[in-house]
Amino acid sequence: DFLCISLVNGFTQLRYNLGDRTIILQALQKVHANGNTWHSLNAGRVGNEGYLDLDGINVTRNASPGMNALDTHTDFFVGGVSSLNLVNPTAIENEPTGFTGCIREIVINNRELNLTVTDPKGGANIGDCDGTDCGYTVCKNNGTCQVENTGFSCSCPREWTGTTCEQSIYCSQNMCGSHALCIPQPASFSYTCACTLGWTGKYCNNKIKFYIAEFVGNSYIKYTDPFYGKRDLQYSRLSLNFTTNQTEGLIAWMGKSEDEDNDFLAIGLTNGTLKVVINLGERISVPLMHSKYFTCSDGRWHFITVVQNQTCIKVYLDEELILFEDIDPQRKYTALNYGGICYFGGFEIGRQVNIVTTGLFQKEFFGKIKDVVLFQDSKKIQLMKAEGYNIHDGNSGN
């Protein structure tokens, strides 16, 4: 049983299940996502008849014969949950994600909840949302906000400038092109330009095409799998060619990597040795190490394939089976719920590999990757069509 209120594609939605079926009500109008409009929401049920009222416009679902009691024995969560595994798959339309915004004046069965630091049982990543123009962290980079007659103003630390302290003083006069991000370099009182996919050069003004992606540091590719909804997640497969002369690096990460509860399949190098890590649920990360010989950091091309058949994992290196292990004979979790996201070479700029992977891998990948294939697809992934930064054309010399 559950009762869930969520935001789906801009509409508020009430879903509840009393034990026999999931009932869905959706508001008629979209919410304002401008960050400064408060909405009033009333939602609930009487027996198995549900109602959802957004800003005075009511949607009601007439009751039909069935169960009429909500039997839940969990905590009451606001804005997110402690573990996404707690969310019933039918309680939301898309993948579960935490709410970003402000919530106030919650009343449950005529009892108002005190949304203070001390009253709730627990929580994480909550800031003050006082309703003034200053709001919550409107001033970036430790700027101090003051409420003014005309709105607000930010007092910025020495190395930051802009209306909301969003710009580094080292980037205030930057020459990075429109296909670049300016990355401040405080140590040298300067900056560098991070180029989006398909662009290169000091200021990212040179257009390129590539079929072999070369990762040069602070590089990553994030690919969204268009066929994710049709995949059989109990039988996953990832294969690619890579070459490097580095002994450490994250080659591929199949998974959303938004929080520590997300499933993933990861491939990388540790001390020159191939390392594959699988997490099918409940943060049980199983590292599989290949230590037969140290040939992966020799500057040659290597072909790796990882096959997940429920809890059985096979790893092929240069078409030789090097690892075969059942990571959970109990078969508690058998699907790789990777969210349709694949990272190659690292994560978004500013996210350090050793932190995101909780130490499983130490740094981003330096080298080249090509011929990436997901599952049993007949076509390779077109890495050029993904998103990412600082990828060079690796075709030269191949």
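**Close-up views of a predicted model**

View 1. Leucine 14 stands opposite leucine 25 in β3. This is a predicted model, in which local features need pLDDT of at least 70 and side-chain atom pairs count only at pLDDT 80 or more, while totals for chains, interfaces and linings use all residues. Residues are numbered from 1 along each chain as its sequence is written, and side-chain values use heavy atoms, with hydrogens and water left out. Strand β2 (residues 11–17) is joined to β3 by 5 bridges, and the two run antiparallel. Strands are DSSP runs of E, at least two residues long, and helices are runs of H or I of at least four, numbered from the N terminus; two strands pair if DSSP finds at least two bridges between them. The open sheet holds 3 strands in the order β1-β2-β3, with antiparallel pairing. Because β1 (2–8) and β3 (22–26) stand at the edges with a single partner strand each, one side of each has no neighbour in the sheet. From one strand to the next the twist averages 20°, with axes fitted as lines to C-alpha atoms and angles running from 0 to 180 degrees between N-to-C directions.

**View 2. Asparagine 9 in the loop between β1 and β2.** The phi of asparagine 9 is near 55°, a positive value in a residue other than glycine. Most residues other than glycine have a negative phi. Asparagine 9 counts as exposed, at 53% relative accessibility (exposed is over 50% relative accessible area, buried under 20%, partly exposed in between; 1.4 Å probe, protein chains only).

**View 3. The sheet β4-β5-β6.** Here, 3 strands form an open sheet with antiparallel pairing. The edges are β4 (41–46) and β6 (57–61); each has a single partner strand, so one side of each is left without a neighbour in the sheet. The twist averages 10° from one strand to the next. Strand β5 (residues 49–54) pairs with β6 over 5 bridges in the antiparallel sense, and leucine 52 stands opposite valine 59 in β6.

**View 4. The largest nonpolar core around leucine 274.** Such a core is a set of buried Ala, Val, Leu, Ile, Met, Phe, Trp, Tyr and Cys residues joined through side-chain atoms within 4.5 Å. The largest has 47 residues, of which Phe242, Leu274 and Phe344 touch the most other members. Strand β17 (residues 213–224) gives the most to this core, with 4 residues. Beyond its neighbours within four places in sequence, leucine 274 is in contact with residues including Phe242, Ile267, Leu288, Cys296, Val315 and Ile322 (contact means heavy atoms within 4.5 Å).

**View 5. Strands β21 and β22.** Strand β21 (residues 273–279) and β22 run antiparallel, joined by 5 bridges. Isoleucine 278 stands opposite valine 286 in β22. Val286 and Leu288 make up the covered face of β22 (residues 285–289), whereas Ser285, Pro287 and Met289 make up the uncovered one. In a regular strand the side chains alternate between the two faces of the sheet.

**View 6. Domain 1 and domain 3.** The domain assignment, automatic or from a database, gives domain 1 (2–112), domain 2 (180–208) and domain 3 (213–393). The C-alpha centres of domain 1 and domain 3 lie 36 Å apart, and 6 residues of domain 1 are in contact with 6 residues of domain 3.
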